[in-house]
Amino acid sequence: MRGGIPLAGILCFAVLGAGVAGAAPAAGSSRDVSLSTGGSFTLSLSVENRTPAQGEPFRVRVSTSGAVDNLVLEWMGGTYPVLETGPGRYEGVVGVDLLDPPGSAALVAEGRVPGGALLRAEVELVVAPRKFPVQELTLPKRMAEFDPPTLRRIREEADVLKSRFERVTEPIRWRIPFLPPVEEYRPTNFGSRRRINGEPRLPHAAVDLHLPEGTPVRAIAGGIVAFAGEQFFGGRSVVIDHGGGVFSVYYHLKEFSVSDGQKVGRGERIGAVGATGRATGPHLHFGVRVPGGRVDPSLLLGLSGR
Ligand SMILES: [Zn+2]
């Protein structure tokens with residue numbers, strides 16, 4: 001137990017002096033611990049869930065026995081900073097993209113002790129499959145098929161957003177718990193495998209919140225506005241960069257009241273629910289990204305305080 005939260009996952013110690021390799025987790029217990037010795041510093045890495053599902057975010061805790069420089073998490077090919085929560089205590093949120101295949105994946109925490117020795121702890125996770133609903137939609141042809149200029153616009157807008165999502169900024173401005181973006185949070189459609197007029201389309205990497213036009217929308221955590229503008233699909237759209245590779249996305253807004261580069265606080269009103277862009281009625285399309293990819297926003301909101 002740590003802070004009242006059971007660690008169902010793994011606790012891995014790696015104590016590394018010069019020339020001592022990282023420890024592999026022991027098998028066969030619900031709380032695997034491995035320890036290698038060779039120095040006076042320890043670095044431990046723990047997760048609450050060793051078998052995260054597709055589209056699932058999860059919390060990572062790191063603790064160190066002394067000062068460590070450049071402490072980072074390595075996950076799914078990226079390197080991410082962690083949030084310092086106390087002396088020698090750190091946390092991060094990472095996740096599994098909803099399209100990532102089931103199978104094993106390594107999570108690593110790494111830092112350097114003053115003087116140069118590298119501390120490294122690794123846990124082996126297993127991504128579990130999640131069953132997503134299939135959604136059949138019938139739309140008028142003009143809403144489902146696009147001419148070349150429109151396709152070019154769609155591609156350009158996607159490229160702009162992709163480049164924003166690739167930024168891993170500091171400081172980390174998010175905190176657990178995250179705040180729902182609207183007061184009445186009733187999510188639908190996460191991960192729906194969509195078929196439009198019989199043709200398979202990209203899965204729905206967000207939730208839809210059906211609410212009256214004009215309902216206030218607020219930031220789920222502090223951050224910097226990474227995008228505020230008009231898009232073909234998203235209509236009036238806002239993206240907030242919460243730092244460390246965590247983003248929230250708000251589409252189809254009636255209006256937005258923030259601008260690119262603006263700092264926003266947790267719970268600050270950023271706009272109102274609308275039906276702009278490709279929307280069949282007023283709703284908020286709300287998505288989140290964490291290190292690792294696009295995850296179920298409801299699971300991110302469900303992460304509880306320590
Ligand atoms: Zn949507």
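Student: What should I know before starting?
Tutor: Residues are numbered from 1 along each chain as its sequence is written. The model is predicted, so local features need pLDDT of at least 70, side-chain atom pairs count only at pLDDT 80 or more, and totals for chains, interfaces and linings use all residues.

Student: How many helices and strands does the protein chain have?
Tutor: Both are DSSP runs, numbered from the N terminus: helices are H or I with at least four residues, strands are E with at least two. The protein chain has three helices and 21 strands.

Student: Is Tyr-251 buried or exposed?
Tutor: Count other C-beta atoms, placed from the backbone, within 10 Å: 20 or more is buried, 12 or fewer is exposed, and in between is partly exposed. Tyr-251 is buried because 24 C-beta neighbours lie inside 10 Å. Thr-42 has 18, so Thr-42 is partly exposed. In helix 2, the count of buried residues is zero. Across the protein chain, 38% of the 306 residues are buried.

Student: Which residues does Tyr-251 contact, leaving aside neighbours within four places in sequence?
Tutor: Contact needs C-beta atoms, placed from the backbone, within 7 Å. Tyr-251, in strand 17 (residues 246-256), contacts Gly-234, Gly-235, Ser-237, Gly-277 and His-285.

Definitions and conventions: Two residues are in contact if their C-beta atoms, placed from the backbone, lie within 7 Å.
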